Amino acid sequence: MEEEVSIQITDAELEIILDDLLMIHGYDFTSYSKASLKRRMNRLVLHDKFLSFAEFRYKLRAEPEYLQRFIEEITVNVTEMFRDVTFYKTVREQVLPVLATWPLIRIWHAGCSTGEEVYSMAILLKEANLLHKSLLYATDINPAVLANVRDGIFPLSMMKQYSENYIQSGGKKDFSSYYTALYNVVKFDEALGSKIILSTHNLVSDGSFNEFQLIMCRNVMIYFDKELQDRVLTLFDDSLEKLGFLALGAKESLKFSAISSKYKQLENREKIWRKVVE
Amino acid sequence: MEDKPLLQTTPRLIVIGGSAGSLSMVLKILPHLDVKLQVPVVTVFHRKSSDDTTLIEVLSTRTCFEVSEIEDKAGISPNVFYIAPADYHVLIEKDYTFTLDDSEKINYSRPSIDVTFESAADVYGANLVCILLSGANADGVNGLKIAKQKGGCVIVQDPAFAEVPYMPQQAMTHVTPDYILRPDNVREILAVLGGQPV
Ligand SMILES: C[S@@+](CC[C@H](N)C(=O)[O-])C[C@H]1O[C@@H](n2cnc3c(N)ncnc32)[C@H](O)[C@@H]1O
């Protein structure tokens, strides 16, 4: 095992960085979970071989390109197509039939990362014959991941697993009919991407921008502290039509939140709630 | 083992990491967890998803501790045997709450034992006990090093008694454990953790 010698960010230094980000760059990470942030920051400092905290701080303050790198590395972009197969099965069987009754379906993927979740949804909509009357708003704090959503290009090496996920979530088609392989990547059908609208949006500081029938925000709020989670849930509540759905990640919940009394969880206990009170 | 001093401080958290072949040792530890310890136990196992309820049931029958899967942002209470959920790393905040994190796998593992050992060491320092059990990779070894640097107590399963010795062996070559755990000394070691002389 290699000995890795590196500076370690202290709690006080973490606070200094968070202050700088807010005061100089307008990025507010102060309500993110500290343990996770600290680990990501130490990983970055090690990887980029900083010799002192001062050097790291200076670069982050002075170089906009480094700020971009920082945002990309500090946020966690891990994602998958049809992640949690029973979740997607429930969307297919219980959510889409309800959405079908609206003349225009607006869906918000908040914290969409590189787009695997958005393309999974586009496939479900296509198979339910709803894609033509749907709009999928895909937003993220990190502009770099949005470029990937636009291109619809994903690694070929992941397709075996995604195809299995797709089948387990109730898919009946040959999954490879949705993409064209090009060397070690695949490009998904342009038709699937045609209803996706991209925008950067920071859940901490940006407001509501539309009304939706389904909001998906999965594995984003685990990185926030309780108070910020509550604020973001209120933002979602303000952006969701009555009888619309709010879908969270496997380890996230409306339980104990300020908006929970207006919502009813689906009976099978998937992390999907329906807004029953305006 | 006999000439080892008692712990400098009483533990405020015990973290157990295990991979392939570790369950049998965990089953041996469970009956010796005494509520007098007044300590939470956090366990990080490498395992496949979806068998959570079965695992919790199996473990519950062996201990007077409450066995429960870790929930994001929940507070850490004594006399609870916490299990890391499949597919999430477990970190610990300075206010003694859990944070779940779905970032990249570490040592091909999520949850990773290293992640929890390191994060716990940052919060609990000398009041942390880390126990590393049987397994086929080196996850947890770095975490033990850091726990040790911060004054924590390090316990490693005797590779000779481990179903898969690689993980404890790696640990022994990189850290000097405070105790070596064998099937026949589990009770004594847990008594030491509880502050009683052997
Ligand atoms: C772990 S990924 C989740 C991706 C996908 N939703 C899923 O569950 O597979 C978390 C995403 O949240 C984004 N994110 C983090 N903080 C955010 C914020 N304040 N506003 C919007 N997006 C944010 C990250 O950039 C990242 O792409």
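**Interface and cavities**

Across the interface of chain B and chain A, the rule finds 8 salt bridges. A salt bridge here is a side-chain nitrogen of Lys or Arg within 4 Å of a carboxyl oxygen of Asp or Glu. A:Arg83 forms one with B:Asp102, and their closest N and O atoms are 2.5 Å apart.

This is a predicted model: local features need pLDDT of at least 70, side-chain atom pairs count only at pLDDT 80 or more, and totals for chains, interfaces and linings use all residues. Residues are numbered from 1 along each chain as its sequence is written, chains are lettered from A and ligands numbered from 1 in the order in which they are written, and side-chain values use heavy atoms, with hydrogens and water left out.

Chain B brings 27 residues to the contact and chain A brings 24 residues, where contact means heavy atoms within 4.5 Å. About 2000 Å² is buried between the two chains, and carbon and sulfur atoms give 44% of that area. B:Lys73, B:Tyr88 and B:Asp102 supply 28% of the area that chain B buries against chain A, more than any other three residues. Buried area is the accessible area (1.4 Å probe) that two parts lose on being put together, summed over both.

The structure holds 2 cavities of 30 Å³ or more. On a 1 Å grid over the protein atoms alone, a cavity is a set of points where a 1.4 Å probe fits but cannot get out; lining residues have an atom within 4 Å of a point. Grid points are joined across faces, edges and corners, and a volume is the space filled by probe spheres set on the points.

The largest cavity has a volume of about 430 Å³. Of the 32 residues that line it, A:Val76, A:Asp140, A:Asn219, A:Val220 and A:Tyr223 are the closest to its centre. Why does this cavity lie between domain 1 (11–75) and domain 2 (85–275) of chain A? Both domains give residues to the lining, so the cavity lies between them. Domain bounds come from an automatic or database domain assignment. H2(A) gives the largest share of the lining, 3 residues.

The second largest cavity holds about 40 Å³ of space. Its lining includes B:Ile29, B:Ile131 and B:Ile155. Helix H6 (residues 186–193) of chain B gives the most to this lining, with 3 residues. Helices (H or I, at least four residues) and strands (E, at least two) are DSSP runs, numbered from the N terminus.

Methods
1 Å grid on protein atoms, 1.4 Å probe; cavity = no way out; pocket = protein on both sides within 12 Å on 5 of 7 lines; lining within 4 Å.
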